[in-house]
Structure formats: structure tokens, C-alpha cells
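Have a look at the model first, and then we can walk through it together.

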Amino acid sequence: MTRTTLDLTGLKCPLPALKTRKALKPLNTGDQLEVHCTDPLSVIDIPNLIRETGDKVEITERNEARIVFLIEKADSP
């Protein structure tokens with residue numbers, strides 16, 4: 001299992017979700033992607049994306065400065 005950090009601070013919708021989708025593709029099952037965002041809409045967009053991909057997501061940090069998501073790659077269907 002590896003953990004990759006993706007810094008998307010400063011990017012606005014829809015870029016955080018698009019770049020997260022692209023970063024998830026090469027990951028193996030069990031790998032983790034830590035995504036750092038500042039766009040308030042990412043709390044809607046990224047969980048919606050993860051519902052589509054079937055992976056697991058949790059928000060590990062949320063404050064006025066940033067939002068941090070931890071995504072775990074699930075088995076591919």
C-alpha cells in the first residue's frame with residue numbers, strides 16, 4: 001500500500017475533481033490518495049466522484065484554510 005499526496009490548493013471547480021479522477025486511475029487496490037483542496041465545492045464534487053468510482057473517501061481535515069480528503073482505491077469491478 002502506498003500513499004500519494006495531491007496538492008490541488010488554489011484550483012477551482014471542476015479541476016479538483018478532474019485531477020483527482022486522473023490521479024486515481026494508476027493506483028492499485030488498497031493504495032491511498034491524500035487530496036488537499038481549498039475550493040469549498042470540493043466537499044460536494046469529490047465525494048460524488050468517489051461514489052461513481054466505488055472507492056472509499058473520508059474528510060480528514062476541514063477548516064477555513066483547506067479540506068483534506070483521504071481516498072482508498074477499491075477493487076476494480
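Buried here means under 20% relative accessible area, exposed means over 50%, and partly exposed lies in between, with a 1.4 Å probe and protein chains only. Six of the six residues of β2 are buried, so this strand is largely enclosed by the rest of the structure.

Before going further, a word on the source: this is a predicted model, in which local features need pLDDT of at least 70, side-chain atom pairs count only at pLDDT 80 or more, and totals for chains, interfaces and linings use all residues. Residues are numbered from 1 along each chain as its sequence is written, and side-chain values use heavy atoms, with hydrogens and water left out.

## The overall layout

The chain has two helices and four strands, and from the N terminus on its elements run β-α-β-α-β-β. The radius of gyration is 11 Å, close to the 11 Å that the globule rule gives for 77 residues, so the chain is as compact as a globular protein of that length. That radius is taken over C-alpha atoms, and the rule is 2.2 Å times the number of residues to the power 0.38. Helices (H or I, at least four residues) and strands (E, at least two) are DSSP runs, numbered from the N terminus.

Along the principal axes, the C-alpha atoms fill a box of roughly 35 × 20 × 15 Å. Of the 77 residues, 39% count as buried. Among contacts between residues at least 6 apart in sequence, 65% join residues at least 24 apart; a contact means heavy atoms within 4.5 Å.

## How the strands pair

Two strands pair if DSSP finds at least two bridges between them. β1 and β2 pair in the parallel sense over six bridges, with Thr5 opposite Glu34 in β2. Together with α1, these two strands make a right-handed β-α-β unit: with the strands pointing away from the viewer, the path from the first strand over the helix to the second runs clockwise.

On to β4: β2 and β4 run antiparallel and are joined by six bridges, and the partner of His36 in β4 is Val68. Strand β3 (residues 56-62) also runs antiparallel to β4 (residues 67-72), again with six bridges. Glu58 stands opposite Leu70 there, and a hairpin of four residues joins β3 to β4.

Thr20 lies in helix α1 (residues 15-24) and is buried, with a relative accessible area of 0%. Not counting residues up to four places away in sequence, Thr20 touches Leu6, Leu8, Leu33, Val35, Ile46, Leu49 and Ile71. A polar atom of the Thr20 side chain lies 2.7 Å from the backbone oxygen of Pro16.

Conventions:
Polar contact = N/O pair within 3.5 Å; in protein donor to acceptor, adjacent residues only side chain to side chain.
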